[in-house]
Structure formats: structure tokens, C-alpha cells
Amino acid sequence: MRLVGPSGEQVGVVRVEDALRLAEEADLDLVEVAPDARPPVCKLMDYGKFKYESAMKARDARRNQANTQLKEIQFRPKIDEHDYATKMGHVKRFLEGGDKVKCIVRFRGREQSRPELGIRLLQRVAEETDDLGNIESHPRQDGRNMVMVLAPTRKKAEVKSDQRRRREEARAHRRAEKHAAKGARRGSRGARPDDAS
């Protein structure tokens, strides 16, 4: 078998008994890393530490992996200004969070004969959110609905890592304030005069 040392150096082709003896002398495990190679490749390593580190890497990869969701917001062609502002707040929040937004304009009755109202409304939405996202699919009529999809400019993983960093900074700041307050209380207790005269 071909043997690789603990720090990645090539030991060479050795017999199994010699490799086991070297592993025992170094207090390490002999792990077969490439069984299909000719000759098979084995490495001297601390297998418990290796498993722990690979589990930690997998956990970090899962934590940094973020699934973008598709959020839906529904409008009406004759939407009131206040309702529009409320829904735009939701759209902006979703885009800042790294999620895609599906904007739907629902037409009823005679409104279906005026699709330009829906196009104008969706273009207004796109203009107001052009700094947070861009149009992934342009407005198109789908039966009684007109649909447009907005995609965020920042990836969800970036947003999550920023949120995690801000949380850690806030937590460290609170700890420092708590520690400073505790130190101030201790200092004020020590400065108080005793009742004994």
C-alpha cells in the first residue's frame, strides 16, 4: 500500500504490517483514503479529529446555504395610496431579506379590459425597488392576473451572514455594557462609608 504521513508527506509504498507499526508508534490511526487506487492509498491521521472537523465543515456549509423563497404580494388596479405604501413596505422587506417577490395584479369584471393599469402599477413597483432588486420576469397577463417577478440584487447567504455578524456585534456590545455596569456597581459599593464610627 502507498502510505501518506500525518502532515501530507509521501512515505512511499510499504507493507501493511509496517504501516500499522508506524501508526502505532505515532499514536495515530491508519485510514484507507483511496481503496480503488493501485496500490491502495492509506494515511496516518487522528480519525476522531478528522471526523469532527469534517462534521464542523458540513455544519458551516449548511449554515451558509440559504434557500431563496418566492414571496407573493397581490395588488388591485385601483389600489389606494396607503394600501400601496403598505404593500411596498412588504416588497422592500422581502427583497432586502434576499427573497424573490412575485407581484400579482388581480383584475375583476370590466377591469380586465384595461391591462395598461396593471402594467403601469407593476412598472411603478419596479421603479421604486430598482435599488433592491431587478425584474426577473416582465409583467405578463395570466388569465385574470398580471404577474411580474422581482429578484433581489443581494444573495440570501450574504444577507444571512450580515445578519449573523450584526447579531454577534450586538451581543458583544451588550456583554461589554453589562460588564461595565457590574464593575461600576462594585466600585460604588467599595466607596460607601461604613456605619461603624
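Helix α3 (residues 81-96) lies across strands β5, β6, β7 and β8, running at about 170° to β5. Helices (H or I, at least four residues) and strands (E, at least two) are DSSP runs, numbered from the N terminus. Axes are lines fitted to C-alpha atoms, for helices over the stretch in contact, and angles run from 0 to 180 degrees between N-to-C directions. Helix α4 (residues 115-128) also packs on the sheet and touches β5, β6, β7 and β8 (contact means heavy atoms within 4.5 Å), with a direction that makes about 10° with that of β8.

This is a predicted model, in which local features need pLDDT of at least 70 and side-chain atom pairs count only at pLDDT 80 or more, while totals for chains, interfaces and linings use all residues. Residues are numbered from 1 along each chain as its sequence is written, and side-chain values use heavy atoms, with hydrogens and water left out.

The sheet itself is open, with 4 strands in the order β5-β6-β8-β7 and mixed pairing. Because β5 (70-75) and β7 (133-142) stand at the edges with a single partner strand each, one side of each is left without a neighbour in the sheet. From one strand to the next, the twist averages 20°. Strands β6 (residues 100-106) and β8 (residues 145-152) pair in the antiparallel sense over 6 bridges; two strands pair if DSSP finds at least two bridges between them. Opposite V101 stands L150 in β8.

L150 is also one of the residues touched by T129, which lies in the loop between α4 and β7. Not counting residues up to four places away in sequence, T129 touches M88, V91, K92, L95 and L150. T129 is buried, with a relative accessible area of 0% (buried means under 20%, exposed over 50%, partly exposed in between, with a 1.4 Å probe and protein chains only).
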